[in-house]
Amino acid sequence: MRNRYATLRHLQTLDPKADHAAIHRISSDREFPWDYGRGLEVAIWRTCCVPAISETLDGTGEFAHRAQKRYDDTRILLGELVKGGYDSERGRQALRQINRAHARFDIANEDMLYVLSTFIFEPIRWIDRWAWRRVSTVEKLAAFHFFVAVGERMNIRELPTDYAEFELFNREYEQRMFRPAPSNHRVGMSLLRLYSSWYPRPLDALVGATLPCRLDGTARQMLGIDRPAPWARALNRIGLRGHALAERLAPERVGRLLTRPTARTYPGYPVGYDLSRIGPDGVAAPAREASNR
């Protein structure tokens, strides 16, 4: 039990600003790999509660027809930033892909700020509620500094200067911008079907009934998703509490059992794949740039 907290003790010796990339990589990849992924899934879901965002996503048809690939693209590009660092060769390429994808649309700066904020706060909120331990202050601050640095490289303006300021923006933005809309429901249901599809039948239907429990009542209302039945809420709570206990007692065994493919639409990634080709259709790197890699 004492060794289970050795990594945390190490992280607390580091500087959350100067060492933010290393801290965030260790926290997300080693301490909370499964829970961090679930938090990011909630983050993607919550962005669809904003009609301006869901309309853009709905209009591309990506989630209706290629939801798994769209999810894989996001996971791969974000993973490259975390694993290698945003200033590494692959990190810079991942940022170019992300910026090309966004450049096709007229996205308001505060919408970009909000999406960025969800990548900080939704995993933290998930972990604090469901994981085997809470997120330490050093990990929270490191996540903040990491994503602010990413935001700077995405040319997002008016980035907050401290954690509390960004969290306040996140809350106030949701109060102002969360509204029900048909596009919210369409994209939200596409995500529900995607997340359920990762489980074999008949388990997929059972898991699908519990997945909306991961959203609060406001988000479900904005997405037009019914409140889960009492049995589904109970099953969700038992399952997540059981997972946290297993993670605390046997993290390596749980990690082996719950490891998921890095990307289902890119078998074997990263072997055999050019990072400049990953992303939504139409955002591949120019031939000259790709040939220079």
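Modeller: If neighbours within four places in sequence are left aside, Glu80 is in contact with Gly85, Arg90, Gly91, Ala94, Tyr269 and Leu275; contact means heavy atoms within 4.5 Å. The model is a predicted one, in which local features need pLDDT of at least 70 and side-chain atom pairs count only at pLDDT 80 or more, while totals for chains, interfaces and linings use all residues. Residues are numbered from 1 along each chain as its sequence is written, and side-chain values use heavy atoms, with hydrogens and water left out.

Glu80 belongs to helix 6, residues 67-84. Helices are DSSP runs of H or I with at least four residues, numbered from the N terminus. Because its relative accessible area is 6%, Glu80 counts as buried. Buried means under 20% relative accessible area, exposed over 50%, and partly exposed in between, with a 1.4 Å probe and protein chains only. The side chains of Glu80 and Tyr269 are joined by a polar contact of 2.3 Å. A polar contact is a pair of N or O atoms within 3.5 Å; within protein, one must be able to donate a hydrogen and the other to accept it, and residues adjacent in sequence count only if both atoms are side-chain atoms.

Rolling a probe the size of a water molecule over the atoms shows where empty space is left. The whole structure has 2 cavities of 30 Å³ or more. A cavity is a set of points, on a 1 Å grid over the protein atoms alone, where a 1.4 Å probe fits but cannot get out; lining residues have an atom within 4 Å of a point. Points are joined across faces, edges and corners, and a volume is the space filled by probe spheres set on them.

The largest cavity holds about 90 Å³. It is lined by 13 residues, of which His24, Ser27, Tyr36, Ile124 and Ala143 are the closest to its centre. Helix 2 (20-31), helix 8 (109-130) and helix 9 (137-153) are the elements that give two or more residues to this lining, and helix 8 gives the most, with 5 residues.

The second largest cavity holds about 30 Å³. Its lining consists of Arg38, Glu41, Val42, Trp45, Tyr195, Leu211 and Arg214. Helix 3, residues 33-47, gives the most here, with 4 residues.

Two of these lining residues, Arg214 and Glu41, also pair with each other: their side chains meet in a salt bridge of 4.0 Å, N to O. Arg214 sits in the loop between helix 12 (203-210) and helix 13 (217-223) and Glu41 in helix 3, so the pair links distant parts of the chain, 173 residues apart. Both Arg214 and Glu41 are buried. A salt bridge is a side-chain nitrogen of Lys or Arg within 4 Å of a carboxyl oxygen of Asp or Glu, and the structure holds 20 of them.

Another salt bridge joins the side chains of Asp128 and Arg134 at 3.6 Å, N to O. Asp128 counts as buried because its relative accessibility is 18%, whereas Arg134 is exposed because its relative accessible area is 55%. Salt bridges also link Arg46, Glu122, Arg125, Glu167, Glu174 and Asp216 in a network.

Methods
On a 1 Å grid over the protein atoms alone, a cavity is a set of points where a 1.4 Å probe fits but cannot get out, and a pocket is an open set with protein on both sides within 12 Å along at least five of seven lines; lining residues have an atom within 4 Å of a point.
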